[in-house]
Amino acid sequence: MLRLCEWLEQIPWIVTITNSAVLISLVWLVHYIGFFLLVGSTAVVDLRVLGAAARNQKLAPLAGLLFPFAWTGLGLVIASGFVMFAGQATTFYPTAVFQIKMGMVLLALLFGVIVQRKLPVWDRAPSVPAAAKWLAFVSLVLWIGTILAGLEVPAFIPGI
Amino acid sequence: MHTWLVAICDRLQNIRLVVWLVTAQYAYPFIQWTHFTGLSLWLGTTLALDFRLLGAGKRFQTAAELSDALFSWNWLGLGIAVLGGFTLFATAAVGYIDNPAFRLKLGVLSPLALAWHIFVQRKSRIWGRTPETPAVAKLAGLMEIVLWVSVATAAVWIPNY
């Protein structure tokens, strides 16, 4: 795995982007906008399931509008995150906080997919089931936790 | 004016709590976290309305309904973002007020984007009565997306000075 990381770090276009202040700032910008879309949209759907937001809307139409933004955000986050990771892969890969963050992202995605698939069923029920509220709550906590974990990464790796 | 501003920033930066936030090893990311969590809510809900005005997700709800549904969490998001942002500013206030990217962000782009947001949000009640939005609504939504992306661009440029 470390050899793969070394190879990633030496890809010419990755080196060019990593060493250019303008290009790497653009990559960060895409990463930020991507997770604003991803976390913002997912959080509103989770809050709606919890009964705390958008109560004038049925679940399915709200999610129908917001989930495509979440998936678009995810695409932006993955593309930019890959470039950010590849540029310093050998530093990131062995760091515990980075691994925790990626683990949280995968868990959050899993919960996100469950919520998305179950929504039509919950929407037909007379009231949102308690299990649904728990799922939405865990999803919300995981996404907000992912932001914190992501921000802690540079704090644990001096010089990034 | 500038000396006076520097003096205020200097005092802000030396508040005991602020000094602690800077020196405690893993505390700083918590302030960034507040800012970014607020921004996710603020921009997630703001951009959703802008894209709806542009014509996304027509079959789900009108822009007026969406604006109404997102209103409280939209502004709560801004409140959290401002709280985090102000604390971030306080940790290095003297440096920030002379940073050109920060000045552009806070002095020009953010007020402009915020004013435009209020305008768009208010107008969306009229523009968004029917599933199809008028051309002026599309233009206004697009303008707002451009404005917030400019704010974010200025923000990521701050550390380069």
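Modeller: Let's take H3(B): at 1.5 Å a residue, its 26 residues should span 38 Å, and its end C-alpha atoms are 37 Å apart, which agrees. (The expected span is 1.5 Å times one less than the number of residues; helices, H or I of at least four residues, and strands, E of at least two, are DSSP runs numbered from the N terminus.) This is a predicted model, in which local features need pLDDT of at least 70 and side-chain atom pairs count only at pLDDT 80 or more, while totals for chains, interfaces and linings use all residues. Residues are numbered from 1 along each chain as its sequence is written, and chains are lettered from A and ligands numbered from 1 in the order in which they are written.

H3(B) is largely enclosed by the rest of the structure, because 23 of its 26 residues are buried. Here buried stands for 20 or more other C-beta atoms within 10 Å of a residue's own, exposed for 12 or fewer, and partly exposed for what falls in between, with C-beta atoms placed from the backbone. Just after this helix, B:Gly55 takes a positive phi of about 120°.

Now for the partner chain. Between the chains, 32 residues of chain B and 31 residues of chain A take part in the contact; two residues are in contact if their C-beta atoms, placed from the backbone, lie within 7 Å. On the side of chain B that touches chain A, the elements giving two or more residues are H3 (28-53), H4 (63-91) and H7 (135-157) of chain B. H3(B) gives the most to that side, with 16 residues. By class, that side of chain B has 20 nonpolar, nine polar and three charged residues. (Nonpolar covers Ala, Val, Leu, Ile, Met, Phe, Trp, Tyr, Cys and Pro; charged covers Asp, Glu, Lys and Arg; the others, Gly among them, are polar.)

In soluble globular proteins, nonpolar side chains tend to be buried together. The largest nonpolar core here has 66 residues, and those touching the most other members are A:Phe36, A:Val44, A:Leu62, A:Leu66, B:Ala48 and B:Leu70. Such a core is a set of buried Ala, Val, Leu, Ile, Met, Phe, Trp, Tyr and Cys residues joined through C-beta atoms within 7 Å. Two or more residues each come from H3 (21-49), H4, H6 and H7 (130-156) of chain A, and from H3, H4, H6 (100-127) and H7 of chain B. H3(A) gives the most to this core, with eleven residues. Apart from this core lies another one, of six residues, including A:Val27 and A:Phe92.

Leaving aside neighbours within four places in sequence, A:Leu62 is in contact with A:Val45, A:Arg48, A:Ala54, A:Gln57 and B:Ala69. A:Ala54 sits in the loop between H3 and H4 of chain A and has a positive phi of about 45° although it is not a glycine. A:Ala54 counts as buried, because 25 other C-beta atoms lie within 10 Å.

Finally, let's step back to chain A, which has seven helices and zero strands. Of its 160 residues, 38% count as buried. H4(A), residues 59-87, packs against H6(A), residues 96-124, at about 160°, with the axes 9 Å apart. (Axes are lines fitted to C-alpha atoms, for helices over the stretch in contact, and angles run from 0 to 180 degrees between N-to-C directions.) H4(A) and H6(A) are therefore roughly antiparallel; angles over 145 degrees count as such, under 35 as roughly parallel, 65 to 115 as roughly perpendicular and the rest as oblique. H2(A), residues 12-19, crosses H4(A) at roughly 90°, the axes coming within 9 Å, so H2(A) and H4(A) are roughly perpendicular. Their contact is made by A:Ile14, A:Ile17 and A:Thr18 of H2(A) and A:Val83, A:Ala86 and A:Gly87 of H4(A).
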